[in-house]
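Subject: Structure for you, with notes

Hello,

Here is the structure you asked to look at. My notes follow below it.

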Amino acid sequence: MEMTDNVTGAEIVLKSLTEQGVEVVFGYPGGAVLPIYDSLFKQNSIRHILVRQEAGAIHAAEGYARSSGKIGVVLVTSGPGATNVVTGLTDSMMDSIPIVCITGQVPQHLIGSDAFQECDTTGITRPCTKHNYLVKDVNTLSSVFHEAFSIAANGRPGPVLIDIPKDVQFAKGSYQSSKETKIDSHRLFEPKIKANDQNIEEATKLIANAKKPIFYIGGGCINSGPKASKLVTKFVEETKAPATMTLMGLGVIGARNKYSLGMLGMHGMYEANMAMHECDVMVNIGARFDDRVTGRLDAFAPNSKKIHIDIDPSNINKTIKIDVPIIGDIESVMNQIFSSWKNNNYKSQKEDLIKWWNKIEEWKKVDCLNYNQGERSIKPQHAIKRLYELTKDKKTFITTEVGQHQMWAAQYYKFEKPNRWLTSGGLGTMGYGFPAAIGAQIANPDSLVIDIAGDASILMNIQEMSTAVQHRLPVKIFILNNEYMGMVRQWQELLHGGRYSESYTDSLPDFVKLAESFKAKGLRAKNVKELDDVILQMISSKETVIADIWVDKEENCFPMIQSGSAHNEMLLNKYQKQDETSAEKGKVLV
């Protein structure tokens with residue numbers, strides 16, 4: 001594509017998006033972006049999804065990006081339009097989601113005058129983006145866009161914001177294609193693709209000689225692409241060592257894989273946390289040692305040598321001292337590790353591994369996900385379990401809001417592939433799940449997309465029901481309705497003497513009638529006998545559906561490690577039996 005002269009800034013925006021292969025933009029118009037919307041009106045190659053609030057736009061773009069592997073694009077106006085995406089920018093920054101967010105700005109001569117719908121967008125968003133721009137010259141606009149897409153996708157993915165004053169959108173200038181644009185390479189955060197060979201050799205030697213190894217797998221494996229997840233799985237199977245995943249890493253190792261211990265951390269599996277505590281070699285692949293995983297830092301895998309593979313150098317030694325740091329793209333690093341493993345003819349320590357697995361099997365006897373489902377009221381765990389059983393043979397994408405339902409979904413819905421589990425991990429954003437499901441449905445129109453929600457979280461962005469219905473998206477909302485902010489209530493019960501300060505949600509809507517008011521489908525299950533029928537009706541419907549599932553109001557999410565506790569200090573519920581041989585130091589909460 002050659003240089004094009006005498007085109008408006010707004011037209012340059014559309015040309016840039018088209019050249020970058022953008023198919024969908026999520027947005028909400030306003031005065032400061034009307035020139036761009038006018039250009040959008042004149043073309044047919046890019047689809048615009050009109051949301052009902054800007055937070056919905058960026059969360060939908062996150063869901064689109066995470067389920068498709070493409071960059072999510074957002075278009076909003078100045079002032080409140082820009083400030084309404086700050087939460088989503090922070091969310092995508094923490095969870096490493098590639099987003100390009102375009103915001104309008106007042107004309108340059110009004111900047112700094114407190115003009116109508118003016119705010120310092122670049123100042124506000126600097127801490128929550130990989131990079132941001134205030135474009136003052138229309139002739140730099142195309143190069144800014146090409147650079148922004150490179151930054152969003154390269155290295156550790158993340159959000160980039162482009163703030164464009166209205167006069168720049170009207171101004172005429174030249175458009176340069178990305179092939180002719182000299183990208184400012186120092187801004188690209190290019191990964192050190194190939195890791196240091198000496199560190200690779202040291203890591204494989206440690207793994208080969210380990211007596212109690214464990215793989216600790218994070219969302220970086222998914223961000224690196226489908227080949228990375230396959231290579232990680234292949235190496236785990238080669239070494240025959242146990243593997244555990246973070247909340248963001250679920251699906252890298254299939255849930256039914258015999259080497260998988262499931263999720264670790266605050267609400268992770270008992271055996272995963274105990275194995276992490278007692279391992280002698282830990283291999284962290286694409287995780288950032290989040291506090292919900294590590295617990296008390298000085299008690300985190302205290303007797304282990306630690307290997308950390310990450311594309312972002314700032315994550316190395318940030319909270320946990322690392323013995324062997326490996327900086328690089330996971331796909332490339334795993335290929336190097338395989339080469340080293342084979343070249344050295346390494347084999348795992350068979351007898352030691354047998355002893356290690358025997359110990360893990362003892363921990364598994366605790367049956368940490370056990371619960372008691374009666375004949376009448378629905379246990380939330382049972383609702384998720386039945387949802388999984390009735391949808392596991394379909395191509396299903398699960399999004400969640402944030403709270404107890406999120407943790408139950410992580411525990412009881414078994415993921416066999418990456419990119420099928422979309423949740424807000426680092427920031428914990430209530431209101432994320434529904435718009436993310438809209439984005440995932442647009443990216444995967446023939447798939448089943450379900451938002452597992454709580455009655456409190458779903459109200460955060462319920463206005464996006466209008467978006468889903470307008471665009472005829474068969475998104476399903478599966479509400480675990482306990483009339484509480486469940487996780488807040490649980491912490492108040494366990495840590496604050498049962499003083500339920502403002503955690504009960506009064507005046508909830510009738511969710512069935514609410515769905516119908518949006519011209520969608522509403523369903524409800526009040527007891528166990530009704531549950532399966534409601535789930536089957538929900539997944540077979542071609543409409544947007546809200547399924548209101550009434551669950552036990554005071555059920556708690558276990559197992560649980562209290563904030564600041566060690567991995568071997570887990571709280572279990574009264575149905576989870578243990579003895580001294582299966583859990584030497586674990587605690588039982590009755």
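In which sense do E17 and strand E18 (residues 476-481) pair, and over how many bridges? E17 and E18 run in the parallel sense, paired over five bridges. Strands (E, at least two residues) and helices (H or I, at least four residues) are DSSP runs, numbered from the N terminus. Two strands are said to pair if DSSP finds at least two bridges between them.

Before the rest, a note on the source: this is a predicted model, in which local features need pLDDT of at least 70 and side-chain atom pairs count only at pLDDT 80 or more, while totals for chains, interfaces and linings use all residues. Residues are numbered from 1 along each chain as its sequence is written, and side-chain values use heavy atoms, with hydrogens and water left out.

The sheet

The strands form an open sheet of six with parallel pairing, in the order E16-E15-E17-E18-E20-E19. Strand E16 (421-422) and strand E19 (521-525) are the edge strands, each pairing on one side only. Helix H17 (residues 404-412) packs on this sheet and touches E15, E16, E17 and E18. The direction of H17 makes about 135° with that of E17. Contact here means heavy atoms within 4.5 Å; axes are lines fitted to C-alpha atoms, for helices over the stretch in contact, and angles run from 0 to 180 degrees between N-to-C directions.

Strand E17 covers residues 448-454, and seven of its seven residues are buried. Buried means under 20% relative accessible area, exposed over 50%, and partly exposed in between (1.4 Å probe, protein chains only). Leu448, Ile450, Ile452 and Gly454 point one way from E17, while Val449, Asp451 and Ala453 point the other way.

On one pairing of E17, strand E15 (residues 396-400) runs parallel to E17 over five bridges, with threonine 399 as the bridge partner of aspartate 451. The chain gets from E17 to E18 through helix H19 (residues 465-470), in a right-handed β-α-β crossover. Right-handed means that, with the strands pointing away from the viewer, the path from the first strand over the helix to the second runs clockwise. E18 is also joined by six bridges to strand E20 (residues 545-550), again running parallel, and lysine 476 stands opposite valine 545 there.

Threonine 399

Threonine 399, in strand E15, counts as buried because its relative accessibility is 0%. A polar atom of its side chain lies 2.8 Å from the backbone oxygen of glycine 433. Leaving aside neighbours within four places in sequence, the residues in contact with threonine 399 include Leu422, Ala436, Ala437 and Ile450.

Salt bridges

How many salt bridges does a search of the whole structure find? The search finds 17, a salt bridge being a side-chain nitrogen of Lys or Arg within 4 Å of a carboxyl oxygen of Asp or Glu.

- Lysine 364 and glutamate 361 meet at 3.5 Å, N to O. They are three residues apart in helix H15 (residues 350-364), so about one helical turn separates them.
- Lysine 365 and glutamate 362 meet at 2.8 Å, N to O. Lysine 365 is exposed at 56% relative accessibility, whereas glutamate 362 is partly exposed at 24%.
- Glutamate 493 and arginine 489 meet at 2.8 Å, N to O. Glutamate 493 is partly exposed at 32%, but arginine 489 is buried at 0%.

Regards

Technical notes:
A polar contact is a pair of N or O atoms within 3.5 Å; within protein, one must be able to donate a hydrogen and the other to accept it, and residues adjacent in sequence count only if both atoms are side-chain atoms.
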